[in-house]
Amino acid sequence: GTVTVSNAVAITGSTAEVTAALVTAGTLVEVTDATVTLNDTPTISELNDIAAKTTGVVTATLAANSLANLGSLNTASTDEITITVNDNAGDTLTAVNLSTLGGKTAGIVTVSNAVVITGDHDQVTAALVTDATKVVASTALVTINDANGVAVAATELSAIGGATAGTVTVSNAVAITGDHD
């Protein structure tokens with residue numbers, strides 16, 4: 001028969017235990033709003049399977065992985081997933097892909113190496129500054145590639161520069177706006 005839990009419950013355990021409780025046919029319990037805490041390191045696929053079974057907050061830590069592989073993560077922005085992006089120093093990553101990953105969790109997304117982040121100033125702001133989508137990339141190099149003449153506020157450039165110890169380069173002749181004070 002089917003076991004259905006009608007109240008929100010907290011489920012804590014290993015990936016194998018939680019998978020058996022929420023995902024595996026024959027052993028799963030029907031519960032749509034459980035909070036889940038994984039006490040080991042699931043694969044991206046395992047975490048996606050578990051997160052798909054509940055609207056409750058899922059808490060987990062993924063093993064370090066490349067941004068390309070982490071792109072398949074399908075968790076909610078309220079889930080507390082700790083993520084490390086481990087692309088090699090010097091690899092080019094788009095700001096759009098980083099902010100998309102940052103938006104898939106309320107947890108911390110850290111870029112562990114001095115990668116090169118590219119995008120226009122709005123895309124880079126989303127990746128490095130905006131609370132709901134930012135990642136921590138303290139050693140990243142940044143290339144802002146807005147077209148010539150695009151207005152960019154000095155405060156935006158300052159916020160981007162404050163998010164990394166790496167060099168921030170504006171590759172075209174943008175129009176920097178703002179007060180000198």
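Which residues are buried in H5? In this predicted model, they are His121, Val124, Thr125, Ala126, Ala127 and Leu128. Helix H5 spans residues 121–128, and because six of its eight residues are buried, H5 is largely enclosed by the rest of the structure.

**Helix H5 and its surroundings**
- At the start of H5, the backbone nitrogen of Asp122 lies within 3.0 Å of a side-chain oxygen of Asp120.

**Packing of H4 with H5**
- Two packed helices are described by the angle between their axes and the distance between the axes.
- For H4 and H5, the angle is about 35° and the axes are 8 Å apart.
- The crossing of H4 past H5 is left-handed.
- H4 contributes Ala95, Val96, Leu98 and Ser99 to the contact, while H5 contributes Gln123, Val124, Ala126 and Ala127.
- Six residues in this contact are nonpolar and two are polar, with no charged residues.

**The largest nonpolar core**
- The largest nonpolar core holds 40 residues, of which Val36, Ile117 and Leu128 touch the most other members.
- Helix H2 (residues 44–51) supplies the largest share of this core, with four residues.
- Leaving aside residues up to four places away in sequence, Val36 touches Ile11, Val18, Leu22, Ile50, Thr54, Val57, Val58 and Thr59.

Definitions and conventions
Residues are numbered from 1 along each chain as its sequence is written. This is a predicted model: local features need pLDDT of at least 70, side-chain atom pairs count only at pLDDT 80 or more; totals for chains, interfaces and linings use all residues. Side-chain values use heavy atoms; hydrogens and water are left out. A nonpolar core is a set of buried Ala, Val, Leu, Ile, Met, Phe, Trp, Tyr and Cys residues joined through side-chain atoms within 4.5 Å. Buried means under 20% relative accessible area, exposed over 50%, partly exposed in between (1.4 Å probe, protein chains only). Helices (H or I, at least four residues) and strands (E, at least two) are DSSP runs, numbered from the N terminus. Contact means heavy atoms within 4.5 Å. A polar contact is a pair of N or O atoms within 3.5 Å; within protein, one must be able to donate a hydrogen and the other to accept it, and residues adjacent in sequence count only if both atoms are side-chain atoms. Axes are lines fitted to C-alpha atoms, for helices over the stretch in contact, and angles run from 0 to 180 degrees between N-to-C directions. A crossing is left-handed if the near helix is turned anticlockwise from the far one by less than a right angle, and right-handed if clockwise. Ala, Val, Leu, Ile, Met, Phe, Trp, Tyr, Cys and Pro count as nonpolar, Asp, Glu, Lys and Arg as charged, and the others, Gly among them, as polar.
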